[in-house]
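Please look at the protein below, and read the following report with the sequence and the model side by side.

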Amino acid sequence: MASPAAGLVVIVGSGLIGRSWAMLFASGGFKVKLYDIEQQQITNALENIRKEIKLLEQLGTLKGTLSAEQQLSLITGCWNIQEAVEGAMHIQECVPENLEVKKEIFAQLDGIVGDDVVLSSSTSCLLPSRLFSGLAHVKQCIVAHPDGIMSPSDLDLVMSDGLGLRYAFMGPLETMHLNAEGMLSYCNRYGEGMKRVLKTFGPIPEFSGSTVEKVHQAMCAKVPDDPEHLAARRQWRDTCLMRLARLKSQMPSQ
């Protein structure tokens, strides 16, 4: 468990993403302060986190080496931003995906933090140059998402241990629907950002040359491309699919 001397993590925003960050940092043993502008928001968020962590423990899927109660003891709430950031080593912004709202938060933080605090945004598609421009502490600012650099193995891991788990029993549209307060809410939050990302797509890439060779080497490091290894991996895949199908047949219908 990280000692208190390791520093304090502050989460700005107590919505779904903020609560998820709080749980993640607590699972690593860090003290966490969850900040929001309304006391009731904080109260609701802490109750939600308690239920979520307890459920994860019951299911045997709780992250980290600490018990549910130990992790919960690390998470507190605060509705005064100046008090919240005192002693912080890392501040994770999790407010709605709106450029002006996020810029306002970072401007506020910029005026009250020191030179040794990481200022991190959870933005999905806003450019760091637009978020952090003009800040005195701009060199301390990051976006806590992969920024265009990812190995082939990492990309597979994102799907197999991330979204791929839920895609086994719900599609991408329902995933979007549940990741906000419904599909309209999701599109209101992220629609403009998704359009900006789509506009950056270049011409269709050539599936040959150095890029394919790089991916091939990464895949062969995991599964060599000789017939024996490929056959064994296919058998493993098919066994997993059969077990998943059996599990899905046992799930309650919705």
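How many residues does helix H1 have, and how far does it reach from its first C-alpha to its last? Helix H1, which runs over residues 16-27, has twelve residues and reaches 17 Å, close to the 16 Å expected at 1.5 Å a residue, where the expected span is 1.5 Å times one less than the number of residues. The model is predicted, and local features need pLDDT of at least 70, side-chain atom pairs count only at pLDDT 80 or more, while totals for chains, interfaces and linings use all residues. Residues are numbered from 1 along each chain as its sequence is written, and side-chain values use heavy atoms, with hydrogens and water left out.

**The protein as a whole**

The protein has eleven helices and six strands, which are DSSP runs numbered from the N terminus (helices are H or I with at least four residues, strands are E with at least two). Its C-alpha trace spans about 60 × 45 × 40 Å along the principal axes. Of its 254 residues, 32% count as buried, where buried means under 20% relative accessible area, exposed over 50%, and partly exposed in between (1.4 Å probe, protein chains only).

Among the buried residues of H1 are Trp21, Met23 and Phe25. The elements that cover the buried residues of H1 include those in the table, and contact here means heavy atoms within 4.5 Å.

| Element | Residues |
|---|---|
| Strand E1 | residues 8-12 |
| Strand E2 | residues 31-35 |
| Helix H2 | residues 39-59 |
| Helix H3 | residues 68-73 |

After H1 comes glycine 29, whose phi is positive, near 90 degrees.

H1 and H2 pack at an angle of about 50 degrees, with their axes 10 Å apart. That angle makes H1 oblique to H2, because angles under 35 degrees count as roughly parallel, over 145 as roughly antiparallel, 65 to 115 as roughly perpendicular and the rest as oblique. The contact is made by Arg19, Ala22 and Met23 of H1, together with Ala45, Asn48, Ile49, Glu52, Ile53 and Leu56 of H2.

**Arginine 196**

Elsewhere in the chain, arginine 196 lies in helix H9, which covers residues 183-199. Is this arginine 196 buried, exposed or partly exposed? Arginine 196 is partly exposed, with a relative accessible area of 32%. Leaving aside its neighbours within four places in sequence, arginine 196 is in contact with Cys125 and Leu126. Arginine 196 and cysteine 125 are 71 residues apart in sequence, and 8.0 Å apart in space from C-alpha to C-alpha.

Technical notes
Axes fitted to C-alpha atoms, helices over the stretch in contact; angles between N-to-C directions.
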